[in-house]
Protein chains: 2
Amino acid sequence: MAVSRDQIIVAAIQHLNHDPAASMADIAEATGVSRATLHRHFTGREDLLLALGHRALDRWEEAQEDAGIEQAARSAEPIVITTALREMLSGLIGEAEEYNFALTDLVMSVPELRERGDELEGREIALYRAAQRAGVLRADLPVRWISNTVYGLLLAVRESLNRGDVARRDLPGMLHETFFRGAGEHDPHPGRGERPPEGGSQGGRRP
Amino acid sequence: MAVSRDQIIVAAIQHLNHDPAASMADIAEATGVSRATLHRHFTGREDLLLALGHRALDRWEEAQEDAGIEQAARSAEPIVITTALREMLSGLIGEAEEYNFALTDLVMSVPELRERGDELEGREIALYRAAQRAGVLRADLPVRWISNTVYGLLLAVRESLNRGDVARRDLPGMLHETFFRGAGEHDPHPGRGERPPEGGSQGGRRP
DNA sequence: ATTGTTTGAGACATAGATGTCTCAAACAAT
DNA sequence: ATTGTTTGAGACATCTATGTCTCAAACAAT
């Protein structure tokens, strides 16, 4: 086999990141195989996308395991939890770059993938909960909001890389800093600056 | 006219948020008009999407103007800048809910919309720069990273609303807190409410 | 050189979306 | 009731993507 199934998956992901609406013919061309061969490896488009989704989830799972978040979630040591959080965030940066929103939507729309995604998200949430108990993360924010925040910041990472706004080597530090400490300046000068405003002054304008 | 062009736009946006791959027939049905009438209002799909994109950008622009970010960007007063930032964030929450990623992709792919989006983004970046000069935002983070962070957090807002993770009225405060102070536990701030203090003061650490 | 296998190119039928058109029904205003 | 307009339903041709199939060329292994 000149081109393995795995190589096709990788090339397909790259091309779908470039053009989320790519057709099977586009993908075949970008992969370097004929349309017929693509159909020999994958029954149909659905089958291909399923494989792509599982690949994305594999990587996500690896990032979690490499960071050892399950053990960390059972620990009560702030240091252990903080380290796991940092390593997981750094690991996820690589995923954010490779696996675009197209896969995110895909995972959400296919029940089989969705279940697996929920499972992985659950493990992260367990870590956030442990982090709150250990005083590493704020306990006044809902864990699911924290989880969505991480997801959003990873999209910011991807955007920054795609647009060339930030050097790759600076990203782990920036992501970590922004997640833990935010973008606001604390104690800018020994005087008093702004007061951290609590609560919204106005609700959403349109429901 | 039973259904105005504006009503069609609104209904089309809602339905495309629900199903980003909806066809013209789907949109017509969801809008409550026939396919023929839809084509009487919009030359083709391209024309419809263009109108949708401009509508999204209109709302974004309104949120910026309502917050007065241009004047604030010319100010050096931390209070003025902080207020503008807070109001802009609160205003954008409404947009994040209504205008999904589908429109984000759309804006990026149509040059006419993309230019307008860049212009609006530029105004925000001017505000972030002013905020850095005034000591409101950290000066060690690139403004474009800050801009992308806001974008990512708004997606977290949308996700939280879609999944019912967070009450709508809590979102402005959470967004603001997370953006300015991050998710990490800090030394309890002076003068504001007590939280269930979870012992350890393991603050964020520099990586 | 001779197998047996894999591939690429292309034909083919099918399905779905798009854009245009016609015509009768519904409607508003007089 | 009589206009003039707008709408909905559907027919129609066109285009694109998909999935299946065939067959000759390329290939690897003996």
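E121(B) and R163(A) form a salt bridge, with their closest N and O atoms 2.7 Å apart. The model is predicted. Between chain A and chain B the count is four salt bridges. Polar contacts join 20 residue pairs across this interface, both residues at pLDDT 80 or more.

On chain A, the side that touches chain B draws at least two residues from each of helix 6 (78-98), helix 7 (101-109), helix 8 (111-133), helix 9 (143-162) and helix 10 (171-181). Helix 9 of chain A gives the largest share, eleven residues. By class, this side of chain A has 24 nonpolar, 16 polar and 18 charged residues.

The contact involves 58 residues of chain A and 61 residues of chain B. About 5900 Å² is buried between the two chains, and carbon and sulfur atoms give 55% of that area.

Now the DNA. Around DNA strand D there are 16 residues; M24(A), R35(A), R45(A), T37(B) and R40(B) come nearest.

| Residue | Protein atom | Distance to a phosphate oxygen of DNA strand D |
|---|---|---|
| M24(A) | polar backbone atom | 2.7 Å |
| R45(A) | side-chain N or O atom | 2.8 Å |
| H39(A) | side-chain N or O atom | 3.4 Å |

Helix 3 of chain B supplies the largest share, four residues. This surface has five nonpolar, seven polar and four charged residues.

Notes:
Residues are numbered from 1 along each chain as its sequence is written. Chains are lettered from A and ligands numbered from 1 in the order in which they are written. This is a predicted model: local features need pLDDT of at least 70, side-chain atom pairs count only at pLDDT 80 or more; totals for chains, interfaces and linings use all residues. Side-chain values use heavy atoms; hydrogens and water are left out. A residue is near a molecule or strand if one of its heavy atoms lies within 4 Å of it. A polar contact is a pair of N or O atoms within 3.5 Å; within protein, one must be able to donate a hydrogen and the other to accept it, and residues adjacent in sequence count only if both atoms are side-chain atoms. Ala, Val, Leu, Ile, Met, Phe, Trp, Tyr, Cys and Pro count as nonpolar, Asp, Glu, Lys and Arg as charged, and the others, Gly among them, as polar. Contact means heavy atoms within 4.5 Å. Buried area is the accessible area (1.4 Å probe) that two parts lose on being put together, summed over both. A salt bridge is a side-chain nitrogen of Lys or Arg within 4 Å of a carboxyl oxygen of Asp or Glu.
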